[in-house]
Amino acid sequence: MTADIRIDTLTIRVPLTLRRYGGRKLVIVPEGEGVPGRAKPTPDDTLLKALARAHRWKRMLESGQVASLNELSEAEKINPSYMTRIYRLTLLAPDIVETILDGRQPRTLQLANLMDDMPVEWHRQRERYGMVTR
């Protein structure tokens, strides 16, 4: 008895993107129907820590505890350029900060995105970081 074995190939194409996220790779699927959202919000510890530091430094400057960012960078033993870029997070739109604190930010939003030439205008921030209200 001989068996005729036939192998067919099924190809399924799924549009997706691979991104680095917090040191690991993440599969990003396109938005749209049939694509499940996040099961629950996931706060990004790196973003949370950076926001907390920026606002702590702002309080220190406003209270007169330190006279300048340069003095603060010496006290904290942090590179002044890095400190200035983190400090700019205090200029984020309040709804963006709330979204990050709640863990509802786009999966692709990382600290590096916020530190790289952040617009001052809140509506431009929302557009750049994918948080435009619909």
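A nonpolar core is a set of buried Ala, Val, Leu, Ile, Met, Phe, Trp, Tyr and Cys residues joined through side-chain atoms within 4.5 Å. Buried stands for under 20% relative accessible area, exposed for over 50%, and partly exposed for the range in between, with a 1.4 Å probe and protein chains only. The model is predicted, with pLDDT of at least 70 required for local features and 80 or more for side-chain atom pairs, while totals for chains, interfaces and linings use all residues. Residues are numbered from 1 along each chain as its sequence is written, and side-chain values use heavy atoms, without hydrogens and water.

**View A. The largest nonpolar core has 25 residues.** Trp57, Ile86, Leu89, Leu92, Ile100, Leu114 and Tyr129 touch the most other members. At least two residues of this core come from each of α1, α3, α4 and α5. The top contributor is α1, with 6 residues. Helices are DSSP runs of H or I with at least four residues, strands are runs of E with at least two, and both are numbered from the N terminus.

**View B. Ile100 and its contacts.** Contact is defined as heavy atoms within 4.5 Å. Not counting residues up to four places away in sequence, Ile100 touches Leu47, Leu48, Leu51, Leu92, Gln105, Leu109 and Leu114.

**View C. Helix α3 spans residues 80–87.** Met83, Ile86 and Tyr87 are buried in this helix. The buried residues of α3 line one face of the helix, because they fall within an arc of 100° when seen down its axis; the arc is that of the directions from the helix axis to the C-beta atoms. Their packing partners are α1 (45–63), α2 (69–76) and α5 (111–115). At the start of α3, the backbone nitrogen of Ser81 has a side-chain oxygen of Asn79 within 2.7 Å.

**View D. Thr90 in the loop between α3 and α4.** Thr90 has a relative accessible area of 14% and is therefore buried. A polar atom of the Thr90 side chain lies 2.8 Å from the backbone oxygen of Tyr87. Not counting residues up to four places away in sequence, Thr90 touches Ala54, His55 and Lys58.

**View E. Thr99 in helix α4 (residues 94–102).** Thr99 counts as buried because its relative accessibility is 13%. A polar atom of its side chain lies 2.8 Å from the backbone oxygen of Asp95. Leaving aside neighbours within four places in sequence, Thr99 is in contact with Arg104, Gln105 and Met131.

Definitions and conventions
A polar contact is a pair of N or O atoms within 3.5 Å; within protein, one must be able to donate a hydrogen and the other to accept it, and residues adjacent in sequence count only if both atoms are side-chain atoms.
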